[in-house]
Amino acid sequence: MITIPYKDYLKTPINDVEAVLKKIHQMIDWQEELAGFDNSSPENNRTRNRLHYMVDLYSTPLEAEEFYLYAMDYVIGMKSSNFTDLTEKISTEWGIWHETGHTHQQNSWTWDSITEVSVNIFSLYVQEKFCRPSWLTNPQNGQAYIARNKKNYLNETPEEIEDPFTKLIMFDQIRCVYGWKIFKSLHQYFRRQPYVEIEGETDAEMANKFIYAMCVVTQINLIPFFKKWGLGVDAETARKIKGLDLPLPAVDPASISQ
């Protein structure tokens, strides 16, 4: 569903509504595909809820200076000056892919410092589907980050690192070795687990759940890989992963630089 003020629509109308809606639905379909909504089981059924792309008429001019686009539940807020990112430039504009991706993030394993990182898994997937060149133009930054003596992937935000896409490289290295299907399996894994908001749950505890889940869905012991990125596991998680009796990676994802 798209809501645009009439005066703004008159300035930049949608010339081919059918073609535009087709591309928007492609983008949404691809993201839901990556999130594992394939109707294979009740929890993986695609939702009938609509996404609502709307020009924000409620923010004050001062508040509007703080955002370009935003996502809030099933609403993606736009501005009169940039709604054409959706209606004209959907096949090239990262921002729309990014904000739509926020509607698919899972609270179970999205700790604070990766909120603006893991969402871009969806952006990269749509980018590839639209046959656009990757925004990960400096993958060697991942090797530089891994080589750092002091790093804390758990707490460092993208803004605290020279290249804000550096932390995304960790996820892309996993994709390079195990394919996009791993992220589909990851989302389906977490939907099979009863979701309970745990008061006082720490970011480290959420990260441990994520690492354990990645080991389960890849059937590989990825503890050494995550450790290289500055993500360690606690003793209990290490014990659980050891109990799975999984092999180490045949190809170390951390060695990937492309």
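This is a predicted model: local features need pLDDT of at least 70, side-chain atom pairs count only at pLDDT 80 or more; totals for chains, interfaces and linings use all residues.

Residues are numbered from 1 along each chain as its sequence is written, and side-chain values use heavy atoms, with hydrogens and water left out.

**Stop 1: the core.** Select Y153, F171, F210 and F226. These have the most contacts inside the largest nonpolar core, which has 68 residues. Such a core is a set of buried Ala, Val, Leu, Ile, Met, Phe, Trp, Tyr and Cys residues joined through side-chain atoms within 4.5 Å, and buried means under 20% relative accessible area with a 1.4 Å probe, protein chains only. Now colour helix α11 (residues 203-218), which gives the core its largest share, 9 residues. Helices here are DSSP runs of H or I, at least four residues, numbered from the N terminus.

Zoom in on F171. Its contacts (heavy atoms within 4.5 Å) include W109, Y153, F183 and F210, leaving out residues up to four places away in sequence.

**Stop 2: two helix pairs.** Axes are lines fitted to C-alpha atoms over the stretch in contact, and angles run from 0 to 180 degrees between N-to-C directions. On the α10 side, I182, S185, L186, Y189 and F190 make the contacts, and their partners in α11 include F210, A213 and V217.

Next, show helix α7 (residues 120-129) with helix α9 (residues 166-178). This pair packs at about 65°, with axes 10 Å apart. Look for N120, I121 and L124 from α7 meeting L168, F171 and D172 from α9.

**Stop 3: K167.** Stay in helix α9 and select K167. Is K167 buried or exposed? Its relative accessibility is 1%, so K167 counts as buried. The K167 side chain reaches the backbone oxygen of Y153 at 2.7 Å, and a polar contact of 3.5 Å links it to the side chain of S113. A polar contact is a pair of N or O atoms within 3.5 Å; within protein, one must be able to donate a hydrogen and the other to accept it, and residues adjacent in sequence count only if both atoms are side-chain atoms.

**Stop 4: D8.** Finish in helix α1 (residues 6-11), where D8 sits. D8 counts as buried because its relative accessibility is 5%. Show S80 too: the two side chains make a polar contact of 2.8 Å.

Note on methods: Buried means under 20% relative accessible area, exposed over 50%, partly exposed in between (1.4 Å probe, protein chains only). Helices (H or I, at least four residues) and strands (E, at least two) are DSSP runs, numbered from the N terminus.
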